[in-house]
Amino acid sequence: MSTMKFCRECNNILYPREDREKKVLLYACRNCDHQEVADNNCVYRNEVLHSADERTQVLQDVASDPTLPRTKSVRCANCKHGEAVFFQATSRGEEGMTLFFVCCNPNCGHRWRD
């Protein structure tokens, strides 16, 4: 795992830098001229801790998202409210995109797909 490195001369952070001639990774200070050869070529690692098949959950506050389009041409089967937000996403185990709706009634939040 990569950790932050600090300059031995001035204690400022060292930033990764490439020495193209020698083809090595260096850590260099932006404050003084100190630099050192990296002991590991990994600069950053992003570890995803959830499984790939984990379904994306639609949160109820998605209905208040101002960036999502709204429609009044559908009715919620749960509360009969006449407005819903909608978006497209892939559904697990299916090919192509699926149209998802979320009821805009703050007391309902029912979700369905087309």
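Is E36 buried or exposed, judged by relative accessibility? E36 counts as buried, at 19% relative accessibility. Buried means under 20% relative accessible area, exposed over 50%, and partly exposed in between, with a 1.4 Å probe and protein chains only.

The model is predicted: local features need pLDDT of at least 70, side-chain atom pairs count only at pLDDT 80 or more, and totals for chains, interfaces and linings use all residues. Residues are numbered from 1 along each chain as its sequence is written, and side-chain values use heavy atoms, with hydrogens and water left out.

**Exercise 1. The annotated cysteines**

Task: locate the residues under the "binding site" annotation, then describe the surroundings of C7 and C29.

Solution. 
- Step 1. Start from the record. The unreviewed UniProt entry places a "binding site" on C7, C10, C29 and C32. UniProt positions follow the numbering used here, feature names are shortened, and annotations may be inferred rather than shown by experiment.
- Step 2. Check the spread. These residues span 26 residues of sequence, yet they cluster in space, with a largest C-alpha distance of 8.6 Å.
- Step 3. Assign elements. Helices (H or I, at least four residues) and strands (E, at least two) are DSSP runs, numbered from the N terminus. C7 lies in the segment before β1 (14-19). C29 belongs to strand β2 (residues 24-29).
- Step 4. C7 is buried, at a relative accessible area of 1%. C29 is also buried, at 9% relative accessibility.
- Step 5. List contacts, meaning heavy atoms within 4.5 Å. Neighbours within four places in sequence are left aside. C7 then contacts N12, L14, C29, C32 and H34. On the same terms, C29 touches C7, C10, N12, I13, L14 and H34.

**Exercise 2. The salt bridges**

Task: how many salt bridges does the structure hold?

Solution. 
- Step 1. Apply the criterion. A salt bridge is a side-chain nitrogen of Lys or Arg within 4 Å of a carboxyl oxygen of Asp or Glu. Side chains of opposite charge can pair when their charged atoms come close.
- Step 2. Count. The structure holds 4 salt bridges.
- Step 3. Take E36 and R8. E36 is buried at 19%, whereas R8 is exposed at 66%.
- Step 4. Take E18 and R20. Their salt bridge has an N to O distance of 3.5 Å. E18 and R20 are exposed.
- Step 5. Take E83 and R70. The closest N and O atoms are 3.9 Å apart. This pair too links distant parts of the chain: E83 sits in the loop between β4 (70-71) and β5 (84-90), R70 sits in strand β4, and they are 13 residues apart. E83 is partly exposed at 23%. R70 is partly exposed at 39%.

**Exercise 3. Strand β6 and its partners**

Task: which residues stand opposite F101? Describe the pairing around β6 as well.

Solution. 
- Step 1. Describe β6 (residues 97-103). The strand is mostly covered, with 5 of its 7 residues buried.
- Step 2. Find the partners. Two strands pair if DSSP finds at least two bridges between them. β5 and β6 pair in the antiparallel sense over 7 bridges. β6 also pairs with strand β7 (residues 111-113), antiparallel, over 3 bridges.
- Step 3. Read across the strands. F86 stands opposite F101 in β6. F101 in turn stands opposite W112 in β7.
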